[in-house]
Amino acid sequence: MSHRPYVIDQMISAKSIAARIEELSTEIEKDFRDTDKLVVVGLLRGSFVFIADLVRELDLPVEVDFIEASSYGDAMESSREVRIFKDLRGRIEGRDVLVVEDIIDTGHTLHHVMAYLEAKGPARLKSIALLDKPARREVDYKPDYIGFEIPDEFVVGYGIDFAQRNRNLPYIGKVRFTDDDPA
Ligand SMILES: O=P(O)(O)OC[C@H]1O[C@H](OP(=O)(O)OP(=O)(O)O)[C@H](O)[C@@H]1O
Ligand code: HPA
């Protein structure tokens with residue numbers, strides 16, 4: 001939990017997010033139009049808002065599942081140790097799978113989860129991240145679909161937290177510490 005005072009400056013509006021999700025859904029529908037039933041896997045906790053909006057835009061037969069992984073705890077820096085707290089309920093062997101992530105930063109979380117899921121033998125395994133912060137990448141991994149590329153700012157909202165707060169904001173904002181402000 002941070003005890004430093006901060007404010008949140010809007011970076012991406014709810015309207016822009018909705019418009020981008022429509023575009024991404026069209027791309028995904030094209031790529032998976034021949035699939036029997038796409039398994040859409042939300043990476044908890046941060047993706048819960050994004051996956052809800054994304055699946056409702058997808059005109060495809062889908063099944064929804066979740067996996068929970070975390071590496072940040074309440075900190076602003078990745079521990080680089082990704083822990084899986086909750087595994088999938090269903091089997092993905094031989095299935096087409098799309099992993100839904102809110103943000104890729106260092107890349108450790110998504111890289112680890114993709115390797116973990118690949119070992120379960122899916123037919124096709126792709127990933128989507130709403131936000132990509134390429135300046136901070138520490139592992140060589142790029143999601144198949146990206147909503148927005150963002151600069152190196154700590155962001156919150158639309159499912160994304162700072163010390164478990166602000167997930168309920170309908171837009172993406174950046175955290176600005178007010179004790180950094182010039183007097
Ligand atoms: O690319 P990385 O540097 O690994 O960072 C991205 C991950 O960090 C956040 O998760 P967090 O560990 O905070 O868990 P949460 O989803 O439960 O908030 C976010 O939701 C991503 O999963
Ligand atoms: O910018 C971020 N905000 C919140 N959680 C995160 N996890 C990785 N990057 C971020």
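**View 1. Strands S8 and S9 pair side by side in this predicted model.** Here S8 meets strand S9, residues 172-177, in the antiparallel sense, and two bridges link the pair. To find your place, look for Val-156, whose bridge partner in S9 is Gly-173.

**View 2. An open sheet is built from three strands.** Stepping back from the S8 and S9 pair, you can follow the order S1-S9-S8, with antiparallel pairing. The edges belong to strand S1 (6-12) and strand S8 (155-156), each of which pairs on one side only.

**View 3. Ligand 2 sits among residues that include Val-155 and Val-156.** Those two residues make up strand S8 (155-156), the edge strand from the previous view. Also in the shell around ligand 2 are Tyr-72, Ile-103, Asp-105, Phe-154, Ile-160 and Phe-162. By class, this shell holds seven nonpolar residues and one charged residue, with no polar ones.

**View 4. Ligand 1 is surrounded by 17 residues.** The closest are Gly-46, Tyr-72, Asp-105, Thr-106 and Thr-109. Two elements, strand S5 (96-104) and helix H3 (108-118), each give two or more residues to this shell. The largest share is that of S5, with four residues. The shell around ligand 1 comprises eight polar, five charged and four nonpolar residues.

**View 5. Tyr-72 and Asp-105 belong to the surroundings of ligand 1 and to those of ligand 2.**

Notes. Residues numbered from 1 in each chain as written. Chains lettered and ligands numbered in written order. Predicted model: local features only at pLDDT ≥ 70, side-chain atom pairs only at ≥ 80, totals over all residues. Near = placed C-beta within 6 Å. Nonpolar A, V, L, I, M, F, W, Y, C, P; charged D, E, K, R; others polar. Pairing = 2+ DSSP bridges.
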